[in-house]
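Visitor: Could you take me for a close look at one strand and its neighbours? After that, please carry on to the other chain.

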Amino acid sequence: MKKKVLQFVLLSAILISCKQNGEYASIPAKKIPDVVDYNFDVRPILSDKCFTCHGPDVNKRAEDLRLDTPEGAYKALKDTENEFAIVPKNLEKSVLYQKITAKDSADLMPPLDSNLKLSSYEIQILKKWIEQGAAYKPHWAFTAIDKPELPELKNNDWAENEIDHFILQKLEDIGLAPNQTADKERLLKRVSLDITGLPPTPEMQKRFIGDDAADAYEKIVDELLASEQYGEKMASHWLDVARYADSHGFQNDQLRTMWPWRDWVIHAFNENYSYEKFVTYQLAGDLVPQKNLETILATGFNRNHKINQEAGIIEEEFRIENVTDRTNTFGKAFLGLTLECAKCHDHKYDPISQKDYFSTFAFFDRMPPRQNKGEVLAEAPLITITDEVVENELPFINKKELEDVDVMVIEEKPDVRTTHLLNRGVYDDVGEEVMAQTPESVLAFDDNTYERNRLGLSKWLFDAKNPLTSRVFVNRMWQEIFGAGVVRSSGDFGMQGDLPTHVGLLNWLSADFMENGWDMKRLIKKIVMSATYKQSSVVSEDKLALDPDNKYLSRMSRLRFNAEMIRDHALATSGLLNPEIGGRSVKVYQPDGLWEAASSGRGVLANYVQDHGKDLYRRGIYIFIKRTTLPPVQLTFDAATRDQCEVQRQSTMTPLQALITLNDPTILESARVFSEKLIQEESTVADKIEKAFGTIVCRTIKPEEKEMLLSYYDEQESAFSLETEKAAAFINVGEYPAAQDRDVVKVAALMQIIHTIYNMEETIVKS
Amino acid sequence: MEKEVFEHHLNANRRHFLGKMALGVGGVALGSLLMPDLLSGKKVAEDQLPLGLKHFAAKAKRIILLVQNGAPSQLESFDYKPKLNDMFGQDLPPSVRGDQKLTGMTAGQKSFPLVGSKFGFKQHGKSGTWVSELFPNIAKITDDICVIKSMHTDAINHDPALTFMQTGAQVGNRPSIGSWFSYGLGSENKNLPAYCVLLSKGKGNGQGVYSKLWSNGFLDSSHQGVQLSASEDPILYLNNPDGMDRKTRRNMLDHLASLNQMGYDEFGDPEIPAKIKQYEMAFRMQTAVPEITDVSKEPDHIKKMYGPDCMVPGTYAANCLLARKMSESGVRFVQLYHQGWDQHSNLVGEMKGQAKDVDMASAALITDLKQRGLLDETLVIWSGEFGRTNYCQGKLTKENYGRDHHPRCFSIFVAGGGVKAGVSYGKTDELGYNIIESPVHIHDLHATIMHLMGLDHEKLTYKHLGRRFRLTDVHGHVVKDLLA
């Protein structure tokens, strides 16, 4: 026990010593800047420590004092004429300053019982800000995007495109040099996974390594972007955003059939629809002038939320719950705002009132009432996908079953009801009537320009003056590639969110994205063509100490594969992968009894009925998602729960993950099948190991690795030859047919080596 | 800032926490296993602890939560209402019902005929606690438990109500109560998860359970509840594949570690040594977990106490015995779910079976802990997600009836861990519909549980999406009257 405490203390000591060595020295907030900026220096403090009681929420405001606006901060304090919270350039007269530095705890702000406390650094910032005039500025993310000039660089040799100017400028500021370019093998692995979610094939590796042309890399990037696997990779993120699942959720949790919508998402990415078209179809495909079956199918986006089919629910309560989900999803997915915080009361930090919330809510409130209740696959409104529909109108749907498939979609009923503000957010506590409208603080909703329906809402979203839409999406694509966004809180661009590490870069990329027709493939190409992206991921102790989270990108981050990639990589490298695109979700290997233990015993999802044959080897995005019992491997590797819109996955490390890569039949079967294939080839054991390693880790094996694995193989072969029954048991894994006339001992020994390679840290890391 | 630093630590951010650990310190457990036990020693400087940790001396160190999933009727268990028998078949007076919303299942009923318990009640123990004849073994330990008859909640449907009980909110991606304790207190055992979940099913009308109930929500997924199953793999993928013995596995891990070490030499990424340790931890779990889940070595008198079911894996009795073993080994939060308590009809028939499933083992668990001297530091909670109506749902006969969901009052019991023993707390009206004395809301129960574990429910927070969240949201009061 004592040892553990010691570890904790030691850890703290290490952190502190790093800090002294300058770990945080480069972070601007630690150094009092010459000119204090409201957005970047002051507001984070006020927002975090003061706005709870002196912020936008009128109901929680104390002493009628608000500090989030200059008018509020400069006006006379309640019941006084000559006392002011802030008097610009006058510390003595600024009651705020007196309060935050009060010696008497009764006068101190924030009050002791708030559990909030200002640090001395924070007090210094506020002091300097008042001295310099206490100037307010609008929140950076709510100001229109202004495309900045590229920063001038001291050393311009490194930069390959515009991105690099912004990155290098900061690095020069803090005195770090970028890493060298990664070696070609690792760069190829990285870019292949980032664009397609799959490792490069040995053929592609060979071709790229052998191509010395200046545009060799660009050709590969173009090839990857043109492949159909690009759409699947992009979809894996979008399914999180859209909270896609194959069951309705809640306790009964019955089957639903939304997968044709998923087929559309993959199709839309592969056709490289502009982000504007992609989103407009999903939000308002039933209202667009070119309305057709495809645009209506896309509106399934807003039916992916959970539906409570429990008997005896109060209909209105759950109807409101569903509209709430659509509203919150709209806020988080497209605006990067925590709109949901304004459902029960005015937003405590952001200029979004409860009325704003319900005005936005009104756009999603015009659906017909629920009709065909009960445990059905799809509740109206819906469209039916028949073979004729697939043949004539929606050829991208991979429908193999004979029966028709119903997909839930959105239908507008303009006069179905009026929308009201709900007091405290409670479904039956009806307040004033509201009109469909968006939060004015983001961008006023001009009803001369936009219709007051979801189509108008989409137009508002893609208005060039909308400050958030482009920034939020560009930031998320950056996050998917670099592991963290320029704004790290990719779901919160509001006052409490993280400030951008490179605001100029985000603005430049966002403006560029809009100027170029919201072209998603172009955006991704721009990012992966940068010198920033191509850096090696080697990290020196210096860099680790100075920038442990790699905020400044003086190296590429080493990022673990996500749940889908881990599976897809094993299947692809072993040759098991079934490359089929789209179609219904599949039930792959899963430990027995999981669904049975947790289900109520009713309905078709009470028991897990595993698929067989080629369906076992589909990519991870097609794994069946039953919301109440999520696929265990995915869950353990941080897949989203699909309970609500998620824009950012965690990346954790636990021993339960090690147990999976050690014992999950999918990985073991991949090792077995790969081994069988290699054993059949006419080559030396050394060649086989070299080939397996090169395919799985995606780089040439080093001599010391090869030597070690060779001797490990010899050892295993002799061990298994003494216990052939063990060898037979070991290779008896998975349903893929065994190779004919296989040499049990050799297959087992090589399988052991391959399985070890599958478990290497580097294997499932983009490095 | 300090606070964020500690939230950062508590959430075991890999780079700062494990990374540094792996570089310079070593020997840290991983996963929900991976938080050092912050309470295991007193030497950590006070300002280095998260705010919640320094406020009270903890009475309880561990929790066992016995969720009676589906909502057992309080009127056939602990809340004795003879008046309902007198008023058999009479309509619930509208003045008593007030503005209570009804579920869609009974909202359309023309009448709400009152019905009393078909099962007899008696007072037991020195405390004179009322218990129905369905629970003869719990009746024997009434002087060790505290029955709360004045619980109430906000939701009237299973999923939102159960989610509320588990996370303090009816909807949304909030952390489960066990995850909060994993986050706030860490693990006492470096080879076992801090938060373990066990499921069982009765024969009564069941409602499913769902993994969201033991979800980490926005906390790091290392705080997720780990579900142990009755299968050969008590933790998923725990066992080595066929043909692979422990020695062969050890050999494989040694080779793997050497390969990974070569990677570390090249990249210098502290994630790599952290990953080597992760595999070692997994290797240790492979022996630690089966030792815990093997109940065969328990002495006969213990097996007898829990009842014959305790040797049948996956039963409530077996899970109770497992819960004792895990808790004894330092698992911070053990949670059982027993399904089948949703008696909308045939209550008389179904409730007998359900009670039989849980009565003996629930009582045995408390007695067992007490005999080992562990009850004082282990808080046991026995609870459904809401109560049931005092009127009949569906057809009422002299012999049988059903009861719908009722959020305004229900009964639970708690034991050990610094709670008063031999007490009945709170009162409902003579019709068992409304609380008339000492209401305890779910948020209050959460606040009290946290208090007993030494945490201030207002101070154990986690900042997410710009807001500091807590288990009790912005509510909850510690029920001081329950504290021993």
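Guide: Start with a definition: two strands pair if DSSP finds at least two bridges between them. Keep in mind that this is a predicted model.

Now go to strand β5 of chain B, residues 195-201. How many bridges join β5(B) to strand β7 of chain B? Seven bridges do, and the two strands run parallel. Strand β7(B) covers residues 333-339.

Strand β6(B) spans residues 226-228. It pairs with β5(B) over three bridges, again in the parallel sense.

Next, look at the side chains. In a regular strand they alternate between the two faces of the sheet. You can follow this along β5(B). Tyr195(B), Val197(B), Leu199(B) and Lys201(B) point one way. Cys196(B), Leu198(B) and Ser200(B) point the other way. Are these residues buried or exposed? All are buried. Seven of the seven residues of β5(B) are buried, and the strand counts as mostly covered.

Stay in chain B and move to strand β11, residues 410-415. This strand is mostly covered too, with six of its six residues buried. Phe410(B), Ile412(B) and Val414(B) point one way, while Ser411(B), Phe413(B) and Ala415(B) point the other.

The pairing of β11(B) is antiparallel. Strand β4(B), residues 145-152, pairs with β11(B) in that sense over five bridges. There, Val147(B) stands opposite Phe413(B). Strand β8(B), residues 378-383, also pairs with β11(B) in the antiparallel sense, over three bridges. There, Ile381(B) stands opposite Val414(B).

The UniProt annotation "domain: DUF1549" covers residues 162-367 of chain A. Here the chain is 57% helix and 0% strand, and the end C-alpha atoms lie 45 Å apart. UniProt places "domain: DUF1553" at residues 453-712 of chain A. That span is 48% helix and 1% strand, and its end C-alpha atoms lie 66 Å apart.

Pick out a few single residues. Phe208(A) lies in helix α9(A), residues 202-210. It is buried because 20 other C-beta atoms lie within 10 Å. Phe208(A) and Ile220(A) are 12 residues apart along the chain, and their C-alpha atoms are separated by 7.4 Å. Asn562(A) sits in the loop between β5 and α24 of chain A. It has 24 other C-beta atoms within 10 Å, so it is buried. From Asn562(A) to Ile764(A) is 202 residues in sequence, yet 8.7 Å in space, C-alpha to C-alpha.

Then check the backbone. Most residues other than glycine have a negative phi, and most peptide bonds are trans. Asn550(A) is not a glycine, but has a positive phi of about 55°. It lies in the loop between α23 and β5 of chain A. Arg642(A) is not a glycine either, and has a positive phi of about 60°. It is in the loop between α26 and α27 of chain A. A cis peptide bond joins Met109(A) and Pro110(A), with omega about -10°. Another joins Ala380(A) and Pro381(A), with omega about -5°.

End with two helices. Helix α31(A), residues 724-731, packs against helix α32(A), residues 744-758, at an angle of about 60°. Their axes are 9 Å apart. That angle makes α31(A) oblique to α32(A). Their crossing is left-handed.

How values were computed. Residues are numbered from 1 along each chain as its sequence is written. Chains are lettered from A and ligands numbered from 1 in the order in which they are written. This is a predicted model: local features need pLDDT of at least 70, side-chain atom pairs count only at pLDDT 80 or more; totals for chains, interfaces and linings use all residues. A residue is buried if 20 or more other C-beta atoms lie within 10 Å of its own, exposed if 12 or fewer, and partly exposed in between; C-beta atoms are placed from the backbone. Helices (H or I, at least four residues) and strands (E, at least two) are DSSP runs, numbered from the N terminus. UniProt positions are given in the numbering used here, feature names are shortened, and annotations may be inferred rather than shown by experiment. Axes are lines fitted to C-alpha atoms, for helices over the stretch in contact, and angles run from 0 to 180 degrees between N-to-C directions. Angles under 35 degrees count as roughly parallel, over 145 as roughly antiparallel, 65 to 115 as roughly perpendicular and the rest as oblique. A crossing is left-handed if the near helix is turned anticlockwise from the far one by less than a right angle, and right-handed if clockwise.
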